[in-house]
Amino acid sequence: MTDAEHDETVPDTAEARRQARFGALPERIRPQDTVEERPAVAPDPARNAYDPDEWLVRYCL
(Lines give C-alpha, C1' and ligand atoms only; values in the text may rest on other atoms or scores of the structure.)
Protein backbone atom coordinates (compact mmCIF):
# COMPACT_ATOMS: atom_id res chain seq x y z
CA MET A 1 0.00 0.00 0.00
CA THR A 2 1.45 3.36 -0.96
CA ASP A 3 1.16 6.55 1.02
CA ALA A 4 -1.48 7.87 -1.37
CA GLU A 5 -3.64 4.78 -0.89
CA HIS A 6 -3.18 4.96 2.88
CA ASP A 7 -4.26 8.62 2.99
CA GLU A 8 -7.47 7.77 1.13
CA THR A 9 -8.45 4.80 3.33
CA VAL A 10 -7.81 6.43 6.70
CA PRO A 11 -10.48 9.13 6.29
CA ASP A 12 -12.94 6.44 5.17
CA THR A 13 -12.49 4.42 8.35
CA ALA A 14 -12.52 7.53 10.51
CA GLU A 15 -15.63 8.73 8.71
CA ALA A 16 -17.29 5.34 9.17
CA ARG A 17 -16.54 5.44 12.92
CA ARG A 18 -17.90 8.97 13.20
CA GLN A 19 -21.01 7.98 11.29
CA ALA A 20 -21.55 4.94 13.52
CA ARG A 21 -21.18 7.04 16.67
CA PHE A 22 -22.80 10.35 15.72
CA GLY A 23 -24.77 9.47 12.60
CA ALA A 24 -28.19 9.24 14.25
CA LEU A 25 -29.97 11.51 16.67
CA PRO A 26 -30.97 10.12 20.07
CA GLU A 27 -34.58 9.18 20.74
CA ARG A 28 -36.91 12.11 21.21
CA ILE A 29 -37.98 12.74 24.81
CA ARG A 30 -41.35 14.34 25.41
CA PRO A 31 -41.35 17.38 27.71
CA GLN A 32 -43.95 15.62 29.91
CA ASP A 33 -41.40 12.88 30.59
CA THR A 34 -38.74 15.32 31.78
CA VAL A 35 -40.72 16.66 34.76
CA GLU A 36 -41.12 14.81 38.04
CA GLU A 37 -43.81 16.02 40.39
CA ARG A 38 -43.66 15.24 44.08
CA PRO A 39 -44.47 17.17 47.24
CA ALA A 40 -41.78 19.56 48.44
CA VAL A 41 -42.18 18.37 52.04
CA ALA A 42 -43.37 14.99 53.19
CA PRO A 43 -46.81 15.21 54.82
CA ASP A 44 -46.65 15.32 58.61
CA PRO A 45 -49.11 12.84 60.18
CA ALA A 46 -49.28 14.90 63.40
CA ARG A 47 -50.39 18.00 61.50
CA ASN A 48 -54.05 17.00 61.38
CA ALA A 49 -54.04 15.27 64.77
CA TYR A 50 -54.90 18.46 66.69
CA ASP A 51 -58.44 18.57 67.97
CA PRO A 52 -59.49 22.14 68.82
CA ASP A 53 -62.03 20.89 71.42
CA GLU A 54 -59.53 18.68 73.23
CA TRP A 55 -58.43 21.45 75.59
CA LEU A 56 -62.02 21.83 76.78
CA VAL A 57 -62.19 18.21 77.81
CA ARG A 58 -58.71 18.21 79.28
CA TYR A 59 -58.83 21.43 81.33
CA CYS A 60 -62.48 22.38 81.83
CA LEU A 61 -64.10 19.14 82.87
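Which residues form a nonpolar patch on the surface of the protein chain? In this predicted model, for which local features need pLDDT of at least 70, side-chain atom pairs count only at pLDDT 80 or more, whereas totals for chains, interfaces and linings use all residues. Residues are numbered from 1 along each chain as its sequence is written, and side-chain values use heavy atoms, with hydrogens and water left out.

The patch is formed by Tyr 50, Trp 55, Leu 56, Val 57 and Tyr 59, which together have about 630 Å² of accessible area; a nonpolar patch joins side chains of Val, Leu, Ile, Met, Phe, Trp or Tyr within 5 Å, from residues with over 30% relative accessible area and no salt bridge. Tyr 59 lies in helix α2, residues 54–60, and counts as exposed because its relative accessibility is 66% (buried is under 20%, exposed over 50%, and partly exposed in between, with a 1.4 Å probe and protein chains only).

The secondary structure of the protein chain comprises two helices and zero strands, where helices are DSSP runs of H or I with at least four residues and strands are runs of E with at least two. Of the 61 residues in the chain, 0% are buried, and the chain exposes about 6800 Å², 54% of which is supplied by carbon and sulfur atoms (Shrake-Rupley method, 1.4 Å probe).

The structure holds two salt bridges, each defined by a side-chain nitrogen of Lys or Arg within 4 Å of a carboxyl oxygen of Asp or Glu. In one, the side chains of Asp 33 and Arg 30 meet at 3.1 Å, N to O, and Asp 33 counts as partly exposed because its relative accessibility is 49%. Glu 36 pairs with Arg 38 in a salt bridge whose closest N and O atoms are 3.5 Å apart, and both Glu 36 and Arg 38 are exposed.

How values were computed: Patches are made of residues with over 30% relative accessible area and no salt bridge: like charges are joined within 9 Å, nonpolar side chains (Val, Leu, Ile, Met, Phe, Trp, Tyr) within 5 Å.
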